Amino acid sequence: MAHDFDVVIIGGGILGTSISYFLSFLNKSKKIAVIEQAQNVAFHTSGRNTGKVHAPYLYNPEKKKLFANAAFHGFEMWERYSRLHDLPFKKDGVIEVALDKKGIKVLEKYLKWGKQNGLEEKDIELMDKSQLAKIEPEIKCEAAIYVHRDGSADYSAYTKSLMKDSEKNGMTFLLDTRVTDVKKENSKWKITLDEEHEIFAKFLINAAGGEAVDIAHGVGVAKELTDVHFRGEYWKAPSEYNTLTKTSIYSVPEFPDYPFLDPHWIIRVDGSCEIGPNAVPVFSPYGYNKAENIKEFIPKMLEMLGSGARKAIFDKQFQELAINEIQSSMSKSAMVERVRRFLPKIEADKITEKGTAGIRSSVIDENGKFSPDVILIDEESSFHILNYNSPGATGALPFSAHIVNHLHTSGLVSSEDMDAQCGPWKFTEIIEKLERK
């Protein structure tokens with residue numbers, strides 16, 4: 001194995017792998033490696049989400065500008081990429097329902113945001129309950145937004161395909177390999193793997209998802225930020241419910257400033273249906289089980305109490321919401337009941353099988369507020385991507401192109417051919433589109 005690299009990307013989720021994809025076309029002669037601690041790419045959050053290609057109607061165009069722009073372009077890019085590689089992609093739309101007058105006001109705001117973020121009249125429409133009943137008779141609500149430009153995908157399959165494309169162009173993927181230390185030595189990064197092997201890199205890209213903040217702290221960056229982790233759990237619906245609705249259904253979140261979403265009715269790309277996710281606070285980006293959470297409880301609590309997160313966790317509303325989510329984890333009927341409010345046909349006792357849980361990490365600033373948008377930090381020889389969460393998978397391709405272009409224009413990682421053909425796209429054309437909208 002080579003020990004010296006021009007660029008090392010930490011994190012083989014959908015973001016790190018998408019960055020490697022574009023770098024592999026633009027930098028044919030550079031030595032670039034991706035390090036992923038799991039046995040496969042997209043093993044954690046990237047492959048454990050709702051599998052939706054989100055339309056950007058939920059995102060405030062001022063506060064979530066980067067996420068909204070990436071999600072808008074992500075739809076068309078994943079559609080093209082999936083066609084090229086014969087991967088599953090379904091343009092099946094989504095319905096967001098309001099259950100009361102307050103919710104209708106939120107839908108009106110979403111309609112406005114969606115259009116500000118690039119959606120057209122044909123992509124999104126507001127309906128009253130009688131209009132919706134003609135299309136989806138089983139849904140009970142006061143009003144709804146029908147978003148046509150929304151899809152279902154298989155992000156695990158997409159990420160594995162991006163890895164293969166990158167490897168064909170000479171990228172190195174070190175799977176099942178954990179970064180245990182990063183330090184600067186003689187103007188290079190010395191990266192210790194699994195506490196024994198060492199590799200060196202001129203430039204470091206931190207795309208480590210749930211561990212991105214820890215890695216940034218380890219190299220002295222973003223000390224004022226901390227992260228909190230939430231486990232999203234799913235329940236699988238029996239096949240008799242697969243035709244209950246044609247479309248996935250979301251309900252308006254009651255507290256949009258917090259990363260707690262009311263569980264949705266999800267139709268996956270293979271046609272199976274699930275209820276989820278909730279957002280249960282956990283103490284590790286890998287807190288799928290009790291043992292991991294117990295192990296990380298004290299270090300994580302000490303970190304949070306010594307940071308801005310202290311204000312968030314002592315906030316009364318946050319505590320109430322957290323307790324609600326914990327209840328929804330302990331009681332299946334509590335979670336199913338949230339979906340029964342708009343799909344009353346569902347019976348909790350028919351839902352017996354758990355789906356795959358995923359963990360989402362949110363960054364809290366020094367004032368105790370959840371950061372709404374992605375946080376990008378430029379250093380002289382490293383680049384850190386923090387708070388890259390939902391709709392991260394949707395926007396991964398355009399967002400990665402944006403990052404690669406930024407690294408090039410700021411002289412951090414110069415590319416050899418900015419006009420290169422990257423799969424179905426010319427790189428410069430992607431950037432022109434991103435800058436236009």
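Which residue in β8 is the bridge partner of lysine 90? The bridge partner is serine 152. The model in which this pairing occurs is predicted, so that local features require pLDDT of at least 70 and side-chain atom pairs count only at pLDDT 80 or more, while totals for chains, interfaces and linings use all residues. Residues are numbered from 1 along each chain as its sequence is written, and side-chain values use heavy atoms, with hydrogens and water left out.

The pairing of lysine 90 with serine 152 belongs to an open sheet of 3 strands, ordered β3-β8-β4 with antiparallel pairing. Its edge strands, β3 (52-53) and β4 (89-90), each pair on one side only. Between β4 and strand β8 (residues 151-153) the antiparallel pairing runs over 2 bridges; two strands are taken to pair if DSSP finds at least two bridges between them. Strands (E, at least two residues) and helices (H or I, at least four) are DSSP runs, numbered from the N terminus.

Helix α5 comprises residues 155-168. At 1.5 Å a residue, its 14 residues should span 20 Å, and its end C-alpha atoms are 20 Å apart, which agrees; the expected span is 1.5 Å times one less than the number of residues. Because 10 of the 14 residues are buried, α5 is largely enclosed by the rest of the structure. Among these buried residues are Tyr155, Tyr158, Leu162, Met163 and Asp165. Buried means under 20% relative accessible area, exposed over 50%, and partly exposed in between (1.4 Å probe, protein chains only).

Two loop residues are also buried. Isoleucine 139 lies between α4 (129-135) and β7 (143-147), and its relative accessible area of 6% makes it buried. Leaving aside neighbours within four places in sequence, isoleucine 139 is in contact (heavy atoms within 4.5 Å) with Ile95, Val97, Leu132, Thr245, Ile249, Phe342 and Leu343. Serine 371, in the loop between β20 (358-364) and β21 (375-378), is buried with a relative accessible area of 16%. Not counting residues up to four places away in sequence, serine 371 touches Val363, Asp365 and Asn387.

Phenylalanine 297 lies in helix α7 (residues 290-305) and, at 37% relative accessibility, counts as partly exposed. With Ile298 and Leu302, Phe297 makes a nonpolar surface patch of about 310 Å². Such patches consist of residues with over 30% relative accessible area and no salt bridge, nonpolar side chains (Val, Leu, Ile, Met, Phe, Trp, Tyr) being joined within 5 Å and like charges within 9 Å.

Key. Areas by Shrake-Rupley, 256 points an atom, 1.4 Å probe, with all protein chains shown as cover. Salt bridge = Lys/Arg side-chain N within 4 Å of Asp/Glu carboxyl O.
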